Amino acid sequence: MLAPQGVTMSDAIESLLKENRRFEPPAEFAKEARVTSREAYEALYRESVDDPDTFWRRESEALVFRTPWTKTLEWNLPHARWFLGATLNVSESCLDRHLSTPVANKTALLWEGENGDTRKLTYAELHRQTVLLASALKQLGIEKGDRVAIYMGMIPEVAVAMLACARIGAVHTVVFGGFSADALRDRIQDSQAKLVITQDGASRRGQIVPLKNTVDRALEQPEAKSATKTIVFRHFGSERCTVDMKEGRDLWWDDVLASVTTECAPEVVDAEHPLFILYTSGSTGKPKGVLHTSAGYLVGAHVTTKYVFDLRDSDIYWCTADVGWVTGHSYLVYGPLSNGATCFMYEGAPNYPDWGRFWSMVERHKITILYTAPTAIRACMRQGDAWPAKHDLSSLRLLGTVGEPINPEAWIWYHHTIGRGRCPIVDTWWQTETGSIMLTTLPGAAASKPGSTGLPLFGVVLDVVTPKGEAVGPNEGGLLVLRKPWPSMARTLWGDDERFRQSYFNTIEGCYFTGDGARRDEDGYMWVVGRIDDVLNVAGHRIGTAELESALVSHPAVAEAAAVGRPDDLKGTALVVFVSLRPGFSADQALRDQLGEHVAKEIGRFARPDVIRFADSLPKTRSGKIMRRLLKDVAAGRESTGDTSTLEDFGVLAKLRQDED
């Protein structure tokens with residue numbers, strides 16, 4: 001992604017809200033933490049940069065390497081090869097290595113369905129299911145290096161499918177279950193997947209989402225002809241979800257597992273053997289197939305999971321992300337399972353049947369670690385404190401956020417209302433392309449600052465620079481770049497290496513450009529202010545949408561805010577903000593004026609919105625991200641032409657279009 005010509009992030013965040021609050025790690029937590037002080041963190045970090053071979057060998061010693069590596073890193077920009085000479089199988093580190101320990105009988109996946117049904121799979125049971133499916137895949141002709149598309153909901157079998165692919169050296173590409181048939185077709189076509197693993201349907205807000213039917217529509221198109229077989233898991237049964245099974249192509253999951261006659265030994269692969277392709281979607285253009293390989297990705301996910309979430313044997317860990325996104329890959333499957341954690345998995349909407357669902361599950365299952373998105377936090381905050389107050393949340397000991405910058409006021413609500421003031425919060429920054437968490441404050445080691453993504457993790461060398469690549473000083477805004485390779489970094493874009501080079505290494509010489517703007521404060525903490533293309537030029541002023549949204553959410557009436565620009569003959573770009581209110585506040589002109597003054601006071605009069613629109617809800621993906629692209633279309637009065645297949649509720653968009661400002 002290229003920085004817009006003339007944009008300097010220093011201009012964009014010159015008036016960024018100054019957040020001075022600090023929250024030190026609770027003494028009891030710090031005493032038992034894996035890293036107990038800032039000094040201990042600094043020592044580990046320095047070792048990871050100065051002596052990476054020693055650091056990564058020690059930190060990955062729990063993982064199963066059939067052959068140890070002979071060279072830590074080979075770097076020919078933009079291509080990295082990590083742990084050269086090593087061989088492994090990722091499923092061994094996630095499953096087999098636990099079988100000779102008490103972890104074998106520990107719950108690996110604890111699942112709850114939207115209707116309240118629950119299931120448990122121990123590590124031994126998860127291993128058994130993985131081995132059976134892996135054997136079935138081999139019997140169906142899937143070989144090492146072949147691609148397999150997985151189009152499933154949030155059920156344990158999606159993890160089984162991923163691990164089974166890894167076990168035979170097949171490359172999985174998980175397609176989010178909210179994507180359309182055309183989006184699925186495009187991913188099958190690009191990856192040339194030979195087989196699709198799916199299920200009859202998934203549950204969402206009391207309704208059945210017919211996943212198999214979507215697969216049928218995708219495979220009917222000639223572009224998806226590479227996929228000649230499907231395996232279908234029966235989640236609901238024929239009485240609740242009818243599917244058409246095509247003779248010779250479609251096979252029931254239970255039938256293919258029942259036909260297995262041999263065990264499936266793990267396929268030993270090279271460290272750089274592809275593990276998965278994960279496609280990032282955009283409003284236009286061909287999806288980018290981000291490729292991650294075996295050893296580097298696994299080491300990154302394993303080590304960051306262990307340290308960022310301070311994992312203990314007794315934890316019940318809940319990452320709310322869908323497996324269709326990279327967060328679900330790294331922090332629901334590969335990272336936690338390689339650490340022997342118990343992972344909670346929920347299939348359904350966070351507010352079904354009401355806004356107490358999250359908190360009732362925390363209470364019911366004694367969740368100890370909760371890792372979720374700022375959009376989910378803000379949505380819950382908007383409903384007030386009554387819902388979480390109804391439930392015992394005392395089991396929680398650590399909270400986390402992921403997905404986008406979190407507004408300081410949402411951070412404070414999360415800390416006080418959900419964590420009851422006693423749980424450290426790890427605000428994490430990373431990307432699909434980075435594979436694992438890059439920035440956070442390790443719990444127990446360093447104070448948290450609401451809104452800051454904290455300090456670099458091990459082996460991560462970040463900088464904030466001008467468009468010419470020159471480092472800026474403390475509290476000066478700039479472009480966020482990575483100066484050195486790290487183990488879990490993407491290796492390329494599937495089938496398009498030149499696009500990989502142009503997208504990430506062509507903006508700042510010698511660096512990976514993240515596409516984000518940031519500043520680094522006097523304590524070394526990073527403040528990621530959002531995508532560089534979310535900087536608006538309003539009458540010559542550079543205004544970051546993240547700072548504008550933070551200013552609005554800091555007002556007691558505002559639960560959520562989204563800022564976008566629309567073309568304006570006079571200013572070039574007019575500022576339009578969409579605001580959802582907390583209970584008890586009226587959407588009237590008086591409040592609109594008050595919010596405008598609030599922004600002017602917090603940032604400056606140049607940042608006062610031209611239009612403030614009140615909305616009951618904002619358009620979001622099923623993973624909880626606000627779809628600002630669609631709001632730009634609404635603000636400009638034009639129809640949306642981009643992909644809307646991940647939109648959670650089309651009624652929200654329709655209502656926004658109907659409502660007069």
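**Entry 1: two helices**

I looked up helix H11 (residues 294-308) and helix H12 (residues 326-338), which pack at an angle of about 85° with their axes 8 Å apart. Axes are lines fitted to C-alpha atoms, for helices over the stretch in contact, and angles run from 0 to 180 degrees between N-to-C directions. Helices (H or I, at least four residues) and strands (E, at least two) are DSSP runs, numbered from the N terminus. H11 and H12 are therefore roughly perpendicular to each other (65 to 115 degrees; under 35 is roughly parallel, over 145 roughly antiparallel, the rest oblique).

I then listed the contact (heavy atoms within 4.5 Å). H11 gives Tyr297, Leu298, Ala301, His302, Thr304 and Thr305, while H12 gives His329, Ser330, Tyr331, Tyr334, Gly335, Pro336 and Ser338.

This is a predicted model: local features need pLDDT of at least 70, side-chain atom pairs count only at pLDDT 80 or more, and totals for chains, interfaces and linings use all residues. Residues are numbered from 1 along each chain as its sequence is written, and side-chain values use heavy atoms, leaving out hydrogens and water.

**Entry 2: aromatic pairs**

I found a count of 29 aromatic pairs. Rings of Phe, Tyr and Trp (its six-membered ring) pair if their centres lie within 6.5 Å; planes under 30 degrees apart are stacked, over 60 edge-to-face and the rest tilted.

I noted that Tyr307 and Phe458 form an edge-to-face pair, 5.2 Å centre to centre with 75° between the planes. Tyr307 lies in helix H11 and Phe458 in the loop between strand S23 (455-456) and strand S24 (462-465), so the pair ties together parts that are 151 residues apart in sequence. Buried means under 20% relative accessible area, exposed over 50%, and partly exposed in between (1.4 Å probe, protein chains only).

I checked Trp318 and Phe358 next: their ring centres are 4.8 Å apart and their planes at 55°, so the pair is tilted. Trp318 is buried at 2%, and Phe358 is buried at 6%.

I also recorded one aromatic cluster, formed by Tyr41, Tyr45, Phe55, Trp56, Tyr307 and Phe458.

**Entry 3: charge over a ring**

I found the charged end of Arg187 over the ring of Phe179, 4.3 Å from its centre. The rule asks for NZ of Lys or CZ of Arg within 6 Å of the ring centre and within 35 degrees of the ring normal. Arg312 lies over the face of Phe29, at 5.6 Å from the ring centre.
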